[in-house]
Amino acid sequence: MKNFNQFPFSLSFLMLLLLIVSSCKKEEIAADPVVFYEDGNTILQFTSDGDDIEFFFDALNDLSDGRLGSFPNNDIFRLVIDYNNNGIIDSEVDLTIGILEDGAVCVSYIKDQQTLTPCEFFDDTSGTINFSSTENLEQAHMNYRVKVPKSIIAEGNQIKVIVSLHDSEEGWTEFPRNQVWFSNAFDIQW
Ligand SMILES: [Ca+2]
Ligand SMILES: [Ca+2]
């Protein structure tokens, strides 16, 4: 009889505790940007914001303004995403994100490491390619922001990502470098 009475009490107490912990955790993550790569030249970070996620790529060593012009004579980024977080390419499931010259956010699905589908465009996406100072460096330099709904980029709350930055003078730099998608990609979760 004693055990029978205790069980519902413990269960509801546990559920209340879980509710409190999970609501605190959500607010904490939404407020703080998470840096997932940093060296003296490049800072890569994301910020979880409700149903959206914002990526910020700060190219501290790119001091040449490459906002105008067409590829390869411009500065752009490419974000490669392992949608189902399984470490391998799943054709037309995993995706890439970039920004076109008119500012539109282009979502392309990966067929294989060399082949992407044409751009698709989704509501509630936004992005900017900037030549400006940032909190990391006062001198004007290239930096990139892109915000997308989490539902576009993730099956759950965890993905692997690769970021490539293109400078008109230096070409592509991939983070992490020299790899087969997504063998040693960055793990991020929110
Ligand atoms: Ca440049
Ligand atoms: Ca995958």
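These are my notebook entries on a predicted model of one protein chain.

**Entry 1: the overall layout**

I started by listing the secondary structure. I got two helices and 12 strands. Going along the sequence, I wrote the pattern down as α-β-β-β-β-β-β-β-β-β-α-β-β-β. Next I looked up burial, and 24% of the 190 residues count as buried. Then I checked how far apart in sequence the contacting residues sit. Taking contacts with a separation of 6 or more, I found that 50% of them join residues 24 or more positions apart.

**Entry 2: the open sheet**

In what order do the strands of the open sheet come? I read off β1-β2-β3-β9-β8, five strands with antiparallel pairing. I reminded myself that strands of a sheet pair through backbone hydrogen bonds, either parallel or antiparallel. The edges here are β1 (34-38) and β8 (126-134), and each of them pairs on one side only. I also looked up the twist, which averages 20° from one strand to the next.

β1 and β2 run antiparallel and are joined by four bridges. To find a spot I could point at in the viewer, I picked V35, which stands opposite Q45 in β2.

**Entry 3: the nonpolar core**

I went for the largest nonpolar core next, and it has 33 residues. Which of them touch the most other members? I noted F57, L79, I97, V146, V161 and V163.

I clicked on I97 to see what surrounds it. Leaving out neighbours within four places in sequence, I97 is in contact with L79, I81, V105, V107, V146 and V148.

I97 made me curious about β5.

I followed its pairings. With β4, β5 pairs in the antiparallel sense over three bridges. I found that L79 and I97 are bridge partners there, and those two residues are also on my list of core members with the most touches. With β6, β5 pairs in the antiparallel sense too, over five bridges. I marked two of the facing positions: G98 stands opposite C106, and L95 stands opposite Y109.

I carried on to β7 (115-116). β6 and β7 pair in the antiparallel sense over two bridges, and a hairpin joins them through two residues. Here I noted I110 standing opposite L116.

**Entry 4: cis peptide bonds**

I looked for cis peptide bonds and wrote down two places. One is the bond from F71 to P72, with omega near 10°. P72 has its place in the loop between β3 and β4. Another cis bond joins W181 and F182, with omega about -5°. I located F182 in the loop between β11 (171-175) and β12 (186-189).

**Entry 5: positive phi outside glycine**

E92 came up, with phi near 60°. I placed E92 in the loop between β4 and β5. Is E92 buried or exposed? I counted it as exposed, because 12 other C-beta atoms lie within 10 Å of its own, and the cut-off for exposed is 12 or fewer.

D124 came up as well, with phi near 65°. I found D124 in the loop between β7 and β8. D124 counts as exposed too, with 12 C-beta neighbours inside 10 Å.

**Entry 6: where I would look again**

I97 belongs to the group touching the most other core members, and its bridge partner is L79. From there I'd step across to V146 and V148, which I97 also contacts.

Note on methods: Residues numbered from 1 in each chain as written. Chains lettered and ligands numbered in written order. Predicted model: local features only at pLDDT ≥ 70, side-chain atom pairs only at ≥ 80, totals over all residues. Buried ≥ 20, exposed ≤ 12 C-beta atoms within 10 Å, placed from the backbone. Contact = placed C-beta atoms within 7 Å. Core = buried A, V, L, I, M, F, W, Y, C linked by C-beta atoms within 7 Å. Pairing = 2+ DSSP bridges. Axes fitted to C-alpha atoms, helices over the stretch in contact; angles between N-to-C directions.
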